[in-house]
Structure formats: structure tokens, C-alpha cells
Amino acid sequence: MSRTFSIIKPDATKRNITGSINKIIEDNHLVIVAQKRIKLSKDQAEGFYDIHKDKAFFADLIDYMTSGPVIVQVLEGDNAVEKYRKIMGTTNPENADNGTIRKEYALNIQENSVHGSDSDTNAQIEIKYFFNESEIHQ
Ligand code: CMP
């Protein structure tokens, strides 16, 4: 059992499809062990995406991620990081496999509906960024 961190992004909360995304997560045997709907502040979004601060799309990414509520989640399961990345599909939905969340729901490379950690180390960092251990329940 391991954990990954997930964000259901503003394009998805705006279209009221968070339940549809959670169904795909649960149908693929990941358990949502923590979840909250929040509105990211500019500081929170910039801190979370600090690794991308030098990219051309950074300012637009921050505007988008603060444009509406998001759902932050902790997912648990076998090989959770790998499994969730497979379920999400590629960052650019044009290249995503059929049946993935991004193929089904993402609007474009930026408004791509979900975020998932890219390694176990980053999963731990990202989970801690939003959750205390006391908020996570198996
Ligand atoms: P995410 O997996 O959350 O990681 C960084 C985010 O930046 C990514 O999903 C997209 O929302 C966004 N992103 C990545 N690449 C691009 C790009 N080329 N143009 C615009 N936004 C991007």
C-alpha cells in the first residue's frame, strides 16, 4: 500500500464533474483516504508549483489554479503513484489513452482536470503541503 496526492482542478469543479472523476478513481481500486474542497491562494499555488516557476506557462497556471475551487485528495492503493498516473493519462489530453481521466474530461494541456504526484517522494511532500496526518483516514 502506498499513497499519492491528487488535485481535481478548477475546470472540473466548474463543470460539476468531480463525482465522475472520483468514480474512475474508485473503480480503479484507489481509496480516497482524505479529501477537501478549497480555494487556493496565489501564495499556495505558487508554492505548490514552485518547480515550474521558470516556465513560460507559470503565470497562466497560477491564474487558472486560483480561478475556482479545487478538490485536494490523498489516494491510497497498490503502487498509488504509478496507478494514478496511468488512470489520469498524459499531461496533454491530445496524447492521452482512451479511458483515462484526461482523455475523457480535460479541455487542453493546462486545463487538464487533475494533478497527480510524479514520485513517492513528491507524493509525501505534496500530501504534507495540504494535509495533517490526523485528516487522513483509511
Ligand atoms: P500538472 O500535472 O498539475 O503539472 C503542472 C501543470 O502545468 C500541468 O498539470 C498543466 O496544468 C500545466 N502545464 C503543463 N505543461 C503546460 C504547457 N505546455 N502549457 C500550459 N500549461 C501546462
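**View 1. Strands β1 and β3 are antiparallel and joined by seven bridges.** In this predicted model, local features need pLDDT of at least 70 and side-chain atom pairs count only at pLDDT 80 or more, while totals for chains, interfaces and linings use all residues. Residues are numbered from 1 along each chain as its sequence is written, and side-chain values use heavy atoms, with hydrogens and water left out. Strands are DSSP runs of E with at least two residues, helices are runs of H or I with at least four, and both are numbered from the N terminus. Two strands pair if DSSP finds at least two bridges between them. S6 faces Q73 of β3. On β4, S6 stands opposite G116. Three bridges join β1 (residues 2–8) to β4, again in an antiparallel arrangement. Five of the seven residues of β1 are buried, so this strand is mostly covered. Buried means under 20% relative accessible area, exposed means over 50%, and partly exposed lies in between (1.4 Å probe, protein chains only).

**View 2. Four strands make an open sheet in the order β2-β3-β1-β4.** Pairing is antiparallel. The edges are β2 (31–38) and β4 (114–116). Each has a single partner strand, so one side of each is left without a neighbour in the sheet. From one strand to the next, the twist averages 20°. Strands of a sheet pair through backbone hydrogen bonds, either parallel or antiparallel.

View 3. Axes are lines fitted to C-alpha atoms, for helices over the stretch in contact, and angles run from 0 to 180 degrees between N-to-C directions. Contact means heavy atoms within 4.5 Å.

**View 4. R3, E76 and E133 form a network of salt bridges.** A salt bridge is a side-chain nitrogen of Lys or Arg within 4 Å of a carboxyl oxygen of Asp or Glu. The side chains of E76 and R3 meet at 2.9 Å, N to O. E76 lies in β3 and R3 in β1, so this pair ties together parts 73 residues apart in sequence. E76 is buried, with a relative accessible area of 8%. R3 is partly exposed, at 26%. R3 also forms a salt bridge with E133, where the closest N and O atoms are 2.9 Å apart. That pair links distant parts of the chain, 130 residues apart, with R3 in β1 and E133 in the segment after α7. E133 is exposed, at 55% relative accessible area.

**View 5. E135 and K36 form a salt bridge.** Their closest N and O atoms are 3.0 Å apart. E135 sits in the segment after α7 and K36 in β2, 99 residues apart. Both are partly exposed: E135 has a relative accessible area of 31%, and K36 has 24%. The whole structure holds seven salt bridges.

**View 6. The largest nonpolar core has 21 residues.** A nonpolar core is a set of buried Ala, Val, Leu, Ile, Met, Phe, Trp, Tyr and Cys residues joined through side-chain atoms within 4.5 Å. F5, M65, V72, F130 and F131 have the most contacts inside this core. Two or more residues come from each of β1, β2, α3 (42–48), α4 (58–65), β3 and α7. Helix α4 gives the largest share, five residues. F130 touches F5, K36, I38, L40, Q44, F48, V72 and E135, not counting residues up to four places away in sequence. Another core, of 17 residues, lies apart from the largest one. Its members include I17, I24, I71 and A80.

**View 7. T100 sits in the loop between α5 and α6.** Helix α5 spans 80–88, and α6 spans 101–105. T100 counts as buried, at 5% relative accessibility. Leaving aside its neighbours within four places in sequence, T100 is in contact with K86, I87, M88 and G89.
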